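Please find below a colleague's note on the structure, arranged as numbered points. It is written to be read beside the sequence and the model.

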Amino acid sequence: MSNSSRSVRDWLYPVATVLAIVLIWELAARAGYVARYILPSPSGIAVRFAQMHAFILKESLFTLQETLIGFGLSVLFGIPLGMLLVSSRTFNRAVYPLLVASQVVPKVAIAPLFLVWFGFGLLSKVLITFLMAFFPIVIAAVVGLQATEVEKLHVARAAGAGPLQLFWLVRLPNALPVIFGGMKVSITLAVVGALVGEFVAAENGVGRLLLSASGNMDTELLFAGIFALVVIGVVLFVLMEALEKLALPWHISQRPLREETP
């Protein structure tokens, strides 16, 4: 089967599943099994989305901005931190337990402190997003850099490569596929982090929209806001996969083909 046919088939199954769920949901809502204010019909949500699309788009752009800045900071600091953890055993022993402890504390508990320290503006929400997103990148960088085969290092040293050359020519290329895997996890967590910040201090963003809709019992608008979040997360994940294909064509081409099923 060609790559294009396989790609179409990969998208066909989830799209068909979603359409089936939406159809069953619509029929159940129209039959009156569930009250409209509890679970509105997909058609009602679509109408409400069309009515409020300008407002939803405006709030989504705020959430997207917080997500991208927080994710960018997590990449900027996460990958170098992973490098330091691998290169220095003393630094690893001193810092790694603190990183793990930072992930144990719920971000919802830290968010009010950030609001006191940094105010209700963009900075506090970006920092909460950063806290949510950077840990997978750090772990991916550590795992990827440590996974370099010893034989490759021996061959490079025998060819006269120094420590920096070993890192740039052997360790980092070997770690990039794992790092991109961590970044794909991180980009979805960044959306969650932005939403957490907006829930605590809802001045702008989809979080503000969801809180307002929930307070007004506007369930259709609530679902429309959730749909906007899903679109943001899926689009960012797909863009990250596309970036991985551009940056690592050699790795994508080496992936084993899935077994064909009848």
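Predicted model: local features only at pLDDT ≥ 70, side-chain atom pairs only at ≥ 80, totals over all residues.

1. In this note, contact means that heavy atoms lie within 4.5 Å. Ile56 touches Phe49, Leu209, Leu221, Ala224 and Ala228 when residues up to four places away in sequence are not counted.

2. The next points concern charged side chains. The structure holds five salt bridges. In one of them, Arg48 is paired with Asp218, and the closest N and O atoms are 2.5 Å apart. Arg48 belongs to helix α2 (residues 42–51), whereas Asp218 belongs to the loop between α9 (206–215) and α10 (219–247); the pair therefore ties together parts that are 170 residues apart in sequence. Is this pair buried or exposed? Both Arg48 and Asp218 are buried.

3. Lys184 forms a salt bridge with Glu241, in which the closest N and O atoms are 3.8 Å apart. This pair links distant parts of the chain, with Lys184 in helix α8 (residues 163–200) and Glu241 in helix α10, 57 residues apart. Lys184 counts as buried because its relative accessibility is 12%, a value under the 20% limit for that class. Glu241, with a relative accessible area of 29%, is partly exposed.

4. Lys184 also forms a salt bridge with Glu244, and here the closest N and O atoms are 3.0 Å apart. Since Lys184 lies in helix α8 and Glu244 in helix α10, the pair ties together parts that are 60 residues apart in sequence. Glu244 counts as buried, at 3% relative accessibility. Through salt bridges that share partners, Lys184, Glu241 and Glu244 are joined into one network.

5. Leu239 is in helix α10. The C-alpha atoms of Leu239 and Lys184 are 9.4 Å apart in space, while the two residues are 55 apart in sequence. Is Leu239 buried or exposed? At 53% relative accessibility, Leu239 counts as exposed, because the limit for that class is over 50%.

6. Trp11, Val15, Leu19, Ile226, Val230, Val234 and Val238 make a nonpolar surface patch of about 630 Å². Both α1 (3–30) and α10 supply at least two residues each to the patch. Which element gives the most to it? The answer is α10, with four residues. Ile226, one of the patch residues, is found in helix α10. With 38% relative accessibility, Ile226 counts as partly exposed.

7. The aromatic side chains form a separate topic. A pair of aromatic rings is described by the distance of the centres and the angle of the planes. A search of the whole structure finds five aromatic pairs. One of them is formed by Trp117 and Phe118, an edge-to-face pair with 6.4 Å from centre to centre and 90° between the planes. Trp117 counts as exposed, at 56% relative accessibility, whereas Phe118, at 37%, counts as partly exposed. Elsewhere, ring pairs link Phe77, Phe130 and Phe134 into a cluster.

8. The last point concerns the backbone. Met217 has a positive phi of about 55°, although it is not a glycine. Where is Met217 found? Met217 is in the loop between α9 and α10, the loop that also holds Asp218. Met217 is exposed, with a relative accessible area of 52%, whereas Asp218 is buried.

Key
Residues numbered from 1 in each chain as written. Heavy atoms only, no water. Salt bridge = Lys/Arg side-chain N within 4 Å of Asp/Glu carboxyl O. Buried < 20%, exposed > 50% of the residue type's maximum accessible area, 1.4 Å probe, protein only. Phe/Tyr/Trp six-rings, centres within 6.5 Å; stacked < 30°, edge-to-face > 60°. Patch = residues over 30% accessible without salt bridge, like charges linked within 9 Å, V, L, I, M, F, W, Y side chains within 5 Å. Areas by Shrake-Rupley, 256 points an atom, 1.4 Å probe, with all protein chains shown as cover.
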